[in-house]
Amino acid sequence: MRQDSYDVAVLHDRFPGMGGGERFAIEAARVLDAPIYTMYVANDVRIPDDVTVVPIRQGKYTRGLSGRLLEWKNEGMNPLETLSVSFDMTDAADELTEYDVLIESAPLSKSYVPPVEQTVIHYPHSPPRWLYDLYRDRLGEFDYPGIKFALKGYAKCWRALDKESNDYIDRFVANSELVRDRIQRYYDRDAAVIYPPVTGDWRNDGDDGYFVTWSRLAPEKRIGLVIDAFAELDERLLVVGDGEERETLERSARGHDNIELLGYVEDVADIVSRATAVVYAPKDEDFGLVGAEALTAGKPLIGVNEGYTRHQIVEGTTGLGFEPTVESLRETVERFDPSDFDADEIQRFARRYDRTTFAESLLELVNRTHAEAAKKRAAVDTDDSKPIRIQ
């Protein structure tokens with residue numbers, strides 16, 4: 001599909017599961033007809049047959065004593081694993097240096113040190129949130145002063161390493177306007193915006209009279225807020241997903257027959273296709289694939305007025321917004337009327353997230369960035385060739 005002639009590869013930090021970052025790497029590889037290099041693929045992760053994935057340190061991270069020590073835990077907050085992946089990324093694989101263009105996916109991939117002539121495009125999904133915009137929230141989870149002091153020192157060192165790697169990047173790409181602003185604020189670099197594509201069979205099969213929310217069950221997703229709001233309503237709520245908060249959320253839902261926690265579901269699109277609306281309440285979401293998928297299915301989005309989620313809400317057209325409180329969400333659900341929304345109009349809005357738009361935008365950006373980088377290097381080579389006269 002590429003218009004220009006160059007060799008390109010995708011470098012993704014690791015495949016501990018199949019989340020938004022991993023799906024982006026796979027779609028970028030498909031669009032660019034490129035292999036994916038990564039530190040490792042977890043043993044239970046299935047890679048699509050039409051994509052080539054090269055695990056650079058598979059044995060180290062999945063087998064033996066080192067595999068047990070470096071196993072992905074706590075939503076990616078295993079400091080030993082994170083540090084190890086970052087260090088291994090610096091030299092990565094020798095064959096990576098042979099590619100003209102490298103698309104880096106996820107924050108740790110930019111630790112790779114490229115040769116001078118290589119064009120590097122970095123798609124971080126977000127600057128590491130635990131180091132920047134969620135730093136105080138994560139620090140507040142620890143009550144012991146000694147641990148807090150150690151974590152502050154650890155975070156300070158990580159920020160230095162994180163920002164040092166920015167020098168290797170020719171162009172940053174953000175997955176939303178919100179992340180573009182974070183990149184400008186924390187890195188002082190401009191970024192292009194390319195929305196990640198929505199893939200899968202997202203469709204509208206009618207309304208079976210229930211609301212649905214789904215995501216990784218982590219504190220920043222605020223599923224507990226959604227459950228608490230529906231606990232005082234007559235509306236039915238389905239919660240799809242798994243994660244560290246599952247037991248806590250199950251206790252919150254206990255005794256409320258209108259709330260069901262389904263755990264991990266293979267075909268979320270089928271459940272969404274028959275929902276009345278989708279509810280989404282994450283804290284300052286980077287992009288919000290859940291919201292994009294809901295709109296692609298033609299379902300109204302009842303979304304929190306924060307992060308990129310607020311940009312997905314056109315009040316009264318694509319959904320309704322609420323403040324991040326139980327009372328505000330409850331009031332919003334009570335005034336929601338599904339007859340006020342048109343599925344076709346919602347799906348027209350969601351075209352900005354389709355795969356064709358993504359492919360065209362990515363190809364154009366890679367071609368332009370590679371041409372500009374080559375031109376800049378040629379200009380430097382020309383200047384360096386001039387003799388220096390010593391008086």
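## Basis of the description

Because the model is predicted, local features need pLDDT of at least 70 and side-chain atom pairs count only at pLDDT 80 or more, whereas totals for chains, interfaces and linings use all residues. Residues are numbered from 1 along each chain as its sequence is written, and side-chain values use heavy atoms, with hydrogens and water left out.

## The parallel sheet

An open sheet is built from 7 strands in the order E3-E2-E1-E4-E5-E6-E7, with parallel pairing. Helices (H or I, at least four residues) and strands (E, at least two) are DSSP runs, numbered from the N terminus, and two strands pair if DSSP finds at least two bridges between them. The edges are formed by strand E3 (53-55) and strand E7 (191-193), each of which pairs on one side only. On average, neighbouring strands of this sheet are turned by 25° against each other, direction ignored; the axes here are lines fitted to C-alpha atoms, for helices over the stretch in contact, and angles run from 0 to 180 degrees between N-to-C directions.

Strand E1 (residues 8-12) runs parallel to strand E4 (residues 101-105) and is joined to E4 by 5 bridges, with His 12 standing opposite Ser 105 in E4. Helix H7 (residues 177-187) packs on the sheet, where H7 touches strand E6 (171-174) and E7, and the direction of H7 makes about 140° with that of E6. Contact in this sense means heavy atoms within 4.5 Å.

Strand E5 (residues 119-123) is mostly covered, since 5 of its 5 residues are buried, where buried means under 20% relative accessible area, exposed over 50%, and partly exposed in between (1.4 Å probe, protein chains only). Thr 119, Ile 121 and Tyr 123 point one way from E5, while Val 120 and His 122 point the other way, and all are buried.

On one pairing, E4 and E5 run parallel and are joined by 5 bridges, and Val 101 stands opposite Thr 119 in E5. E5 also pairs with E6 in the parallel sense, over 2 bridges, and there His 122 stands opposite Phe 172 in E6.

## An enclosed helix

Helix H11 (residues 289-296) has 7 of its 8 residues buried, so H11 is largely enclosed by the rest of the structure. The buried residues are Leu 289, Val 290, Gly 291, Ala 292, Glu 293, Ala 294 and Leu 295. They pack against helix H1 (20-32), strand E8 (210-214), strand E11 (277-280), strand E12 (301-304) and helix H13 (343-349). Just after H11, Gly 298 takes a positive phi of about 80°.

Most residues other than glycine have a negative phi. Asp 33, in the loop between H1 and strand E2 (36-38), has a positive phi near 50° and is exposed, with a relative accessible area of 64%. Asp 284, in the loop between E11 and H11, has a positive phi near 45° and is partly exposed, with a relative accessible area of 29%.

## A nonpolar surface patch

Leu 65, Leu 69 and Leu 80 form a nonpolar patch on the surface, with about 310 Å² of accessible area together, and Leu 69 lies in helix H3 (residues 64-69). Patches are made of residues with over 30% relative accessible area and no salt bridge, with like charges joined within 9 Å and nonpolar side chains (Val, Leu, Ile, Met, Phe, Trp, Tyr) within 5 Å. A salt bridge is a side-chain nitrogen of Lys or Arg within 4 Å of a carboxyl oxygen of Asp or Glu, and accessible areas come from the Shrake-Rupley method with a 1.4 Å probe, where for residues only the protein chains shown count as cover.
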